[in-house]
Structures are given as structure tokens and as C-alpha cells.
Amino acid sequence: MVLPPIKHSLRPKGSNASDRVIVHRGCAIPSGYSYDVPGDLWVRFEGDVARLGITDVAQTRMGKMVSIRFKRVGKHVAAGKSVATVESAKWVGPIHSPFDGEVLEINEEGFAEDMLIANKDPYEAGWISVVRPDDPSNAEAGLLTDDAAVEAYRTRIDELEISCIRCAD
């Protein structure tokens with residue numbers, strides 16, 4: 001099913017009317033992002049940096065977030081290593097970086113104001129970290145976009161037999 005943009009918070013920053021949000025079993029998959037589907041991570045490239053966050057699938061699977069510990073600004077992270085550790089109602093584990101890079105910014109303030117921010121708005125206000133890739137020309141390797149991301153997520157959602165919901169207070 002293809003829907004027009006359904007609300008501002010589900011549209012990529014700087015998006016326009018042609019951007020779409022695909023919804024499969026209640027799970028939003030907005031265009032304009034790159035995805036690490038097995039890691040349930042989205043990446044939005046903004047010039048020479050990348051903003052990272054969890055997907056709708058991730059926030060549904062983990063349940064309500066209880067706490068988050070960020071890697072400090074200035075810390076170098078290797079691909080596959082943690083930029084943050086999340087504790088939720090159902091899970092404790094890392095949010096990883098898909099590439100080597102330096103942590104430039106963390107969303108500590110957003111989570112301090114509302115611990116459920118990623119549950120409520122995973123693609124905008126609930127971002128996790130901003131990372132500067134060591135090799136920007138190779139940062140998108142292994143990430144999926146557009147139709148490939150949508151198809152991979154549809155398959156993953158069906159295999160997991162989940163339907164996404166957004167948490168409320």
C-alpha cells in the first residue's frame with residue numbers, strides 16, 4: 001500500500017510533496033532514508049554527516065523505552081559497534097553504527113524531555129546520534145534505499161509477523 005505523506009513527523013527533513021510513506025502492517029517506511037534492515041536502523045545523510053535512528057519496526061519490537069546511554073560526542077565508533085545502548089520493556093541492547101565514524105551529536109536533550117520520543121516519532125524527533133563517516137564515499141555501502149528497502153522491510157515484517165504500533169505515555 002502506498003500512501004501520501006500522512007503527517008509531518010513521518011516525512012524526511014527537507015521533504016516535499018512527492019515524498020511517500022509506505023505502510024506495511026502498520027509499519028511506516030518513509031522514503032528519503034537509507035536503511036540497515038537487519039539492524040532496524042535508518043540513516044539520513046545530511047551533507048558529510050549522517051543522522052541515525054531506529055525504525056518503526058525497531059521501536060515496536062522493543063516496546064516502551066526505559067533508558068538510553070549514548071556514546072559521548074567525539075568518540076570514534078567502528079562499523080557495527082554501538083552509538084547508544086537502549087533499555088526497553090522487552091529488550092536491552094545496542095544501537096549500532098553502520099560505518100566507522102565520529103559521534104558529533106547525540107539526542108540526549110530529546111530523550112531527557114520524553115523517554116518515549118523514539119517510540120512516538122522514530123523518524124524525526126526520536127533520532128539517536130549524528131555521526132561523521134570516516135569514508136563518506138563508502139558510507140552507504142550495505143544500506144538499502146527506495147524500492148529495495150521497502151521490499152526488504154516488507155519481507156522482514158512478514159517474517160517477524162509483527163504489526164507496528166506507536167507507544168503513548
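A search of the whole structure finds 9 salt bridges, each a side-chain nitrogen of Lys or Arg within 4 Å of a carboxyl oxygen of Asp or Glu. This is a predicted model: local features need pLDDT of at least 70, side-chain atom pairs count only at pLDDT 80 or more, and totals for chains, interfaces and linings use all residues. Residues are numbered from 1 along each chain as its sequence is written, and side-chain values use heavy atoms, leaving out hydrogens and water.

| Salt bridge | N to O distance |
|---|---|
| Arg44 and Glu124 | 3.1 Å |
| Glu102 and Arg132 | 3.3 Å |
| Asp114 and Lys120 | 2.8 Å |

Arg44 sits in strand β5 (residues 41-46), and Glu124 in the loop between α3 (117-120) and β12 (129-133), 80 residues apart. Helices (H or I, at least four residues) and strands (E, at least two) are DSSP runs, numbered from the N terminus. Both Arg44 and Glu124 are buried, that is, under 20% relative accessible area; exposed is over 50%, partly exposed in between (1.4 Å probe, protein chains only). A network of salt bridges links Arg44, Glu46, Arg51 and Glu124.

Glu102 is partly exposed at 28% relative accessible area. Arg132 is partly exposed at 34%.

Now the sheet. 3 strands form an open, antiparallel sheet in the order β7-β9-β10; pairing needs at least two DSSP bridges between two strands. β7 (65-70) and β10 (92-96) each have a single partner strand, so one side of each lacks a neighbour in the sheet. β9 (residues 82-88) and β10 pair over 5 bridges. Ser82 has His96 of β10 as its bridge partner.
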